[in-house]
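Me: I am new to this and would like to learn how to read a protein model. Could you walk me through it?

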Amino acid sequence: MQQLHTTRAIVLRCIRHGDRTSVLKAFTEQFGARSYLVRMGAKGGTRPGLLEPLARLELVATDSADQGMQHLREVRADRPYLRLSTDPVRGALALFTQEVLHQGLGQHGPDPALFRSVLSALEVLDTEEEITYYPQFLLLQLALHMGFFPSAAEGDERWFDPIEGVFLSLPAPHVHGFDTEVSAGLQQMIDHWPLMPDAQVMSTATRRALLDGLLAFFRFHVPGFGELRSPAILHAVLH
């Protein structure tokens, strides 16, 4: 008889699989990334509204390391969001967050500290008033807990190398290096950490370039992390 486990989880993606079932991809506190077969429907099944991307849940499920698809027995909402569904800017940021988490954590193993860090970032997205720098904050928060947070600049180190993850005293010897303005923006984020800087700290162009640079930084350090569709939307809504 398979043992049941209870764990908190964050929805990464849910895909319809037949008339009465769906496949839920979630990042769980106890087991890391997991795929679950979920029975849907009003009579004894799970309501689709519970499985929206980024939903914070408590799951009761089987879990076996040698079984690709786990079976979900019970789903309970854990702290519904207050503002994501009514604020279009937060909605765009939620789309970005879902893409980042799906690509960055979709194969990640058990890591309770990382799970709690993601929950903290989601709470920032839902409740903080100033969220201009949330995309950069999210990426740095994940980098911190995944072990590749950028080293701070020292002295005359004015160019950030995203491949090595360090600031340099000369431009990086490749085309992926940050210029001095974007490097200075990253240093400002590090100096403010773990708080987000005021909206006027960087120009809009620098903030956008920093986001694009940090996404490239992730592609160098997270296997399988590819191009995202949502940054173009963010550039349009975050002025």
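This is a predicted model: local features need pLDDT of at least 70, side-chain atom pairs count only at pLDDT 80 or more; totals for chains, interfaces and linings use all residues.

Me: Which residue caps the N-terminal end of H1?

Reply: Look for a side chain that reaches a backbone nitrogen at the helix start. Here Asp87 is the cap, with a side-chain oxygen 3.0 Å from the backbone nitrogen of Val89. The side chain of Asp87 also makes a polar contact of 3.1 Å with the side chain of Arg90.

Me: Is Arg90 buried or exposed?

Reply: Relative accessible area settles that. Arg90, which sits in H1, has a value of 2%, so Arg90 is buried, the cut-off being under 20%. Leaving aside neighbours within four places in sequence, its contacts include Arg83, Leu84, Val124, Leu125 and Ile131. Other buried residues of H1 include Ala92, Leu93, Phe96 and Leu101.

Me: Now for H2. What does H2 pack against?

Reply: Start with the helix itself, then see what its buried residues touch. H2 has 16 residues and reaches 23 Å from first to last C-alpha, close to the 22 Å expected. Among its buried residues are Leu114, Phe115, Val118, Leu122 and Asp126. The buried residues of H2 pack against strands S1 (4–16), S2 (21–28) and S4 (56–62), and also against H1 and H3.

Me: How do H2 and H3 run relative to each other?

Reply: For a pair of helices, check the distance between the axes and the crossing angle. The axes of H2 (residues 112–127) and H3 (residues 134–146) come within 10 Å and cross at roughly 170°. That angle makes H2 roughly antiparallel to H3, because angles over 145 degrees count that way.

Me: Which residues make up the contact between H2 and H3?

Reply: List the residues on each side, then sort them by class. On the H2 side they include Ala113, Leu114, Val118 and Leu125, and on the H3 side they include Tyr134, Phe137, Leu138 and Met146. By class, this contact has twelve nonpolar, four polar and no charged residues.

Me: Where is Leu234, and which residues does Leu234 touch?

Reply: Find the element, then the burial, then the contacts. Leu234 is in helix H6 (residues 231–237) and is buried, at 2% relative accessible area. Not counting residues up to four places away in sequence, Leu234 touches Ala92, Leu93, Phe96, Pro135 and Leu211.

Me: One last residue, please. How accessible is Gly177?

Reply: Gly177 has 27% relative accessibility and counts as partly exposed. Gly177 is found in the loop between strand S7 (166–168) and helix H4 (180–192). Sequence and space can be compared too: Gly177 and Phe160 are 17 residues apart in sequence, and their C-alpha atoms are 6.0 Å apart. Phe160 is one of the contacts of Gly177, together with Pro162 and Ala172.

Notes:
Residues are numbered from 1 along each chain as its sequence is written. Side-chain values use heavy atoms; hydrogens and water are left out. Axes are lines fitted to C-alpha atoms, for helices over the stretch in contact, and angles run from 0 to 180 degrees between N-to-C directions. Helices (H or I, at least four residues) and strands (E, at least two) are DSSP runs, numbered from the N terminus. Angles under 35 degrees count as roughly parallel, over 145 as roughly antiparallel, 65 to 115 as roughly perpendicular and the rest as oblique. Contact means heavy atoms within 4.5 Å. Ala, Val, Leu, Ile, Met, Phe, Trp, Tyr, Cys and Pro count as nonpolar, Asp, Glu, Lys and Arg as charged, and the others, Gly among them, as polar. Buried means under 20% relative accessible area, exposed over 50%, partly exposed in between (1.4 Å probe, protein chains only). A polar contact is a pair of N or O atoms within 3.5 Å; within protein, one must be able to donate a hydrogen and the other to accept it, and residues adjacent in sequence count only if both atoms are side-chain atoms. The expected span of a helix is 1.5 Å times one less than its number of residues.
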